Amino acid sequence: MRKSSVRVLALILGLLMVLPAAGFAAEPVKPRVAIVFDVGGLGDQSFNDAAYVGLMRLKDELGYDVGYVESRTPSDYEPNLTMLAREGYDVIWGIGFLLEDAIRKVAIQYPETKFGIIDSAYSDEEYATSLQNVLGVLFKEHEGSFLMGVLAAETTKTNTVGFIGGIQIPPIERFEAGFKAGVWSVDPNITIITNYTGAFDDPAKGKAATDSMIRRKADVVFHAAGGTGLGMIESAEEQGVWAIGVDSDQHHVAPNTVLNSMIKWVDVGVYEGTLMMLEPDFKAHTMVLGLAEAGVGLAPAESNNASPEATAKALEWAEKIAAGEFVVPEFPSEVSKAVTQK
Amino acid sequence: MTTNKKWWQPLAIPIIAIILGLLIGAVLMLLTGANPIAGYAALLRGSFGSAIDFSETLIYINPLIFTGLSIAVAYSAGLFNIGAEGQIIVGMLASAYAGYAFAGLPRLLHIPITLLFGMGAGALWAAVPGYLKAKFGVHEVVNSIMMNYIALHLSHYLVTGPLQDPKTTLPYSPDIAPTARLWRFLSPFGDHFRVNTGIFIAILAAILVYWLLYKTTTGYEIRAVGFNADSARYAGMDTSSAMAKAMLISGSLAGLAGAVQVMGVQFKFLDLFGFEGFGFDGIAVALVAKNNPFGILASGFLFGTLHRGSQTMQAMAGVPKETIGIVQAVIIFIVAMEGLVQGWIPGLEKITSLFKKKEADV
């Protein structure tokens, strides 16, 4: 009996000794870029996956050495950033404003490493002092969402549309504000049903919320809810109403149901931002990407199911907004004002 | 019977489960095009490779010990506390609140008060399903699951409203006062050492739970009810009260997990986009340890290491984090169907039959 227990122990010890023997012989010739995802994680076919596309472009087009980690809990952000910095990555991205605090802490500890964050920004004072190695990237989601509002209003037959949000926080409210302003710019009498599901990773909830909207006669629904929104698209497909995708081009999710997608070019942000940070004379700042910078916009023509008239109208607005002739409201509370001004 | 047991015998199944789990993980890595040796090397290096790595691994282990103990206490009374997840959330909320709202208290007072807030909130959250079970026999699983969702959505509301840090529009609470923070005893070596006295609180909790369950009358009653509620009642025990006590202790342990997470690691409540999983993982921790408080220290160590490993393997070796989820699942699976597995593995049967022979001899 003793013997067999010794044997088991020996086996475990043997395993433990063999495993670390594998070498780590990567020579850092090319720049090394890594991403820390928030708890939403990969596979949302939306925001996080778009960031991943940007990372893959750096790898495929420029031959960069890339890596990533998906955080499991909010306590993971800091150690994950630290871990990648210690692994010797040159540029490390935090995807999502949830990482704002963690990046602030880790960027100070690793001043030689560059840190980028999507959907968040720091003050100019911080950029000038403690965070000289940080790039903030913000998108004007309200501008892109405005165009979706125009498309939705031009498409609805029931004069009722719906908006599904993940969690009610300012970055998501920008989608709501833009969408509402867009809808009401076409027709202020259209009813907009709003629902914040409280989750970004729960398709079942998205589906339930959409079912209820459709019962209340909504025939075009738009979401800013990550994975939760996949449930919205599923519900819309089952019941034959239009769905509008978000962040990535979601046309492929349901080709006959997705009217268009409010594309947030997170991949462009990651790609261009990385190149920017690798410049020797990089200065910490916030990069804001709106319609004028082609950071947000409509899905490509082959993914567009909206009528030519609706599309033309949306494009007309896009030009106006890009030229600065019209300012889209950022907060839902400002929306009614914006419409009356028009 | 127990006198004849070798010390390692209860370890046999968990160890086999771990080895099989890791082997299946290796096969998965091969199938998905990753290198299992590099993967597991990243797990070991990322968990134990340096002082800072080990410090982070302890951070992962810490809440799992509490939730493992929480599940074990409830299970001793025959109750299945699926609600640890929600109890952690309210524990985090309450201690985050006590941490900043009572700023100005001396450290010696502030830390225990903040811990008690977390424990109290957890206990309160567990009291609802506990009361319904003890009073009306409503199944605690259903109720504690529902309480999880109430906790999650309550936290969304609070952290975007009353508890939100006024300096920001983002969903988190203000930093807790320095007097409410647990001591990061390695911080003299660098700010990034987050390991804190919470790990000692966890070890202390394991000792206390052992003492409670096996050395006190209350513990005896709890275990008697768990073993057979009818005979416990026949023996004159107040089964409702024993169940309620077990549930309250279970809830306060889960609440403590949340409190330590706030007071030692996060220093604030950060909005959750979903459940963190410490409560659910606690079920696995307790299961693998067979509800033994000291076993929970060991299985908490294992699952915490795997949790940390899922991150380091992804960062260092490109192994999807789900791989470790599958490894965990295999371990749980094998431990859960112990009887079946013993039949599968010829060596094990021999070992157990040897035991039986010896028992017969004696």
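**Sheets, domains and a chain contact**

In strand 9 of chain A, Trp242(A) is the bridge partner of Val220(A). Strands here are DSSP runs of E of at least two residues; helices are runs of H or I of at least four; both are numbered from the N terminus. The model is predicted: local features need pLDDT of at least 70, side-chain atom pairs count only at pLDDT 80 or more, and totals for chains, interfaces and linings use all residues. Residues are numbered from 1 along each chain as its sequence is written, and chains are lettered from A and ligands numbered from 1 in the order in which they are written.

Stay with that pair. Val220(A) and Trp242(A) are bridge partners, and strand 8 (residues 220-224) of chain A is joined by three bridges to strand 9 (residues 242-247) of chain A. These two strands run parallel. Strands pair if DSSP finds at least two bridges between them. Now widen the view. Six strands of chain A form an open sheet in the order 7-6-8-9-10-12. Its pairing is mixed. Which strands lie at the edges? They are strand 7 (191-196) and strand 12 (296-297) of chain A, and each pairs on one side only.

Helices lie against these strands. Helix 6 (residues 141-155) of chain A lies across strands 6, 8, 9, 10 and 12 of chain A. Its direction is at about 170° to strand 10 (258-264) of chain A. Helix 8 (residues 203-215) of chain A packs on the sheet too, touching strand 6, strand 7 and strand 8 of chain A. It makes about 160° with strand 6 of chain A. (Axes are lines fitted to C-alpha atoms, for helices over the stretch in contact; angles run from 0 to 180 degrees between N-to-C directions.)

Pro203(A) lies in helix 8 of chain A. Why does Pro203(A) count as buried? Pro203(A) counts as buried because it has 21 C-beta neighbours inside 10 Å. The cut-off is 20 or more other C-beta atoms within 10 Å, exposed is 12 or fewer, and partly exposed is in between; C-beta atoms are placed from the backbone. Beyond four places away in sequence, Pro203(A) touches Gly227(A), Thr228(A), Leu230(A), Gly231(A) and Glu234(A). Contact means C-beta atoms, placed from the backbone, within 7 Å.

Look next at strand 1 (residues 32-37) of chain A. Six bridges join it to strand 2 of chain A, and the two run parallel. Phe37(A) stands opposite Glu70(A) in strand 2. Five of the six residues of strand 2 (residues 65-70) of chain A are buried, so this strand is largely enclosed by the rest of the structure.

Chain A is divided into domain 1 (32-139 + 266-289) and domain 2 (142-264 + 307-341). Such bounds come from an automatic or database domain assignment. Taken over C-alpha atoms, the domain centres are 28 Å apart. Domain 1 gives 11 residues to the contact, and domain 2 gives 13. Helix 2 (residues 47-62) of chain A supplies three residues, the largest share of the domain 1 side.

Chain B meets chain A as well: 41 residues of chain B are in contact with 35 residues of chain A. Several helices of chain B each supply at least two residues to its side, among them helix 3 (51-76) and helix 10 (239-266). Helix 8 (residues 217-227) of chain B has buried residues, including Ile222(B) and Val225(B). The buried residues of this helix pack against helix 3, helix 7 (198-215), helix 9 (229-234) and helix 10 of chain B.

How confident is the prediction? The model scores ipTM 0.79 and pTM 0.81. Chain B averages a pLDDT (the predictor's confidence in each residue, from 0 to 100) of 89, and 91% of the residues score at least 70.

Definitions and conventions: Two residues are in contact if their C-beta atoms, placed from the backbone, lie within 7 Å.
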